[in-house]
Amino acid sequence: MPVYTSEALILRTYKLGEADRIVVFLTRDRGKKRGVAKGARRVRSKFIGALEPMTRAGVAYYEREQRDLVRINYIETTRSPLSPSSGEALGHVGYFAELIDEWAPEAHADERLYRLGSSMTDAIAGGAAIEPLARYFEYWILRLQGVYPSLAACAGCGEPLTGGAVMPPRDDLFVCRTCAPAGGSSLSVEALRFLKGAGATAPDRLDGLALQARAARELETVHRRLMNLHLEKELKSARVLREMRRVNQ
Ligand SMILES: [Zn+2]
C-alpha cells in the first residue's frame, strides 16, 4: 500500500457508518481525493478541528488498489480559515469549498486551483472583507475554468466596454449597452473596474480594491448565472448564503 503525504485543502466531509467520516480533499500534487477518516466522529478523535472546509493541512493517506477511497492516516492543520472574529466568513468557507469541489478534477493535479483555494484560506484567516473576497474568488475560479467571458470588448460591435456591460439573458458573454437586448444582467463601470483590478491583484492585496454594495450585487448575479450555466445547477451553499442575507436584512 503506497503512502502519500500531501499539502491539501479540506473541501467537505460526510458521515460513514457509526463513527467514521469520508473526507473530500484537494491535494496540491495529486488532485482531489476521497478518503476514510476512521473514528472521526468520536469525541476523542484525532481528526477533531481539522475537518472544517477550507482548512489547509498536511494529509497522509494510503491508496488501495482497485479502490477509489483512500485511507487517511492523519490530518495535521497548517492553517484554519476560522478565527474568532469570522462570523460572516463561516457561511462562506462552505461556499468556497463547494465551488472548488465542483470544479476540481478527480485525481488530477491542478496547481493553479490549489493555489487559489489556499490563498482564500489565508485571506479569510487574515480577516479580509468577505464580500469582495467572494466576488474575487468567483471571478478567478471561472477564469481558471476558461469560462469567464471577455471583458476586453463588446461581443456585438467590438467597441471597448467603457460604459458598463450587459450579459444578455441566456448568453454567457458581455455586450455594450447599445447592443444589449432587454432583460440582461448589467455590470456598472464600478463593477468592471473591480474585475479589472481583481485580474491584477493577489488576494492578500484585496484591501486596495474598492467594491460598493451595488456593484457587489451586480457581480454576484452575473457570476451566479455563469456558474449555473456551466455547472448546470445551483450550488446549495450559494442558495443558503442568499437566504441568510435575506433574513439579516
Ligand atoms: Zn456593442
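Arg-170 is placed in the loop between strand 6 (165-167) and strand 7 (185-187), strands and helices being DSSP runs numbered from the N terminus (E, at least two residues, for strands; H or I, at least four, for helices). Arg-170 is not a glycine, yet has a positive phi of about 60 degrees. The residue is exposed, with a relative accessible area of 78%, where exposed means over 50%, buried under 20% and partly exposed in between (1.4 Å probe, protein chains only). The model is a predicted one, in which local features need pLDDT of at least 70 and side-chain atom pairs count only at pLDDT 80 or more, while totals for chains, interfaces and linings use all residues. Residues are numbered from 1 along each chain as its sequence is written, and side-chain values use heavy atoms, with hydrogens and water left out.

Met-54, also not a glycine, has a positive phi of about 70 degrees. Met-54 belongs to the loop between strand 3 (31-37) and strand 4 (56-62) and is buried, at 0% relative accessibility.

The axes of helix 3 (residues 130-144) and helix 5 (residues 213-231) come within 10 Å and cross at roughly 35 degrees; axes are lines fitted to C-alpha atoms, for helices over the stretch in contact, and angles run from 0 to 180 degrees between N-to-C directions. On the side of helix 3, the contact (heavy atoms within 4.5 Å) involves Glu-131, Arg-135, Glu-138, Tyr-139 and Leu-142. Helix 5 contributes Ala-216, Arg-217, Leu-219, Glu-220, His-223, Leu-226 and Met-227.

Aromatic pairs number seven, counted for rings of Phe, Tyr and Trp (its six-membered ring) with centres within 6.5 Å; planes under 30 degrees apart are stacked, over 60 edge-to-face and the rest tilted. One of the pairs, Tyr-95 with Phe-96, is tilted, at 6.1 Å centre to centre and 40 degrees between the planes. Tyr-95 is buried at 3% relative accessibility, and Phe-96 is buried at 0%. The ring centres of Tyr-139 and Tyr-148 are 4.8 Å apart with planes at 80 degrees, so this pair is edge-to-face. Tyr-139 is buried at 6% relative accessibility, as is Tyr-148 at 11%. Tyr-139, Trp-140, Tyr-148 and Phe-174 make up one aromatic cluster.

The charged end of Arg-143 sits over the ring of Trp-140, 4.5 Å from its centre; the criterion is NZ of Lys or CZ of Arg within 6 Å of the ring centre and within 35 degrees of the ring normal. Arg-30 lies over the face of Tyr-4, at 3.7 Å from the ring centre.
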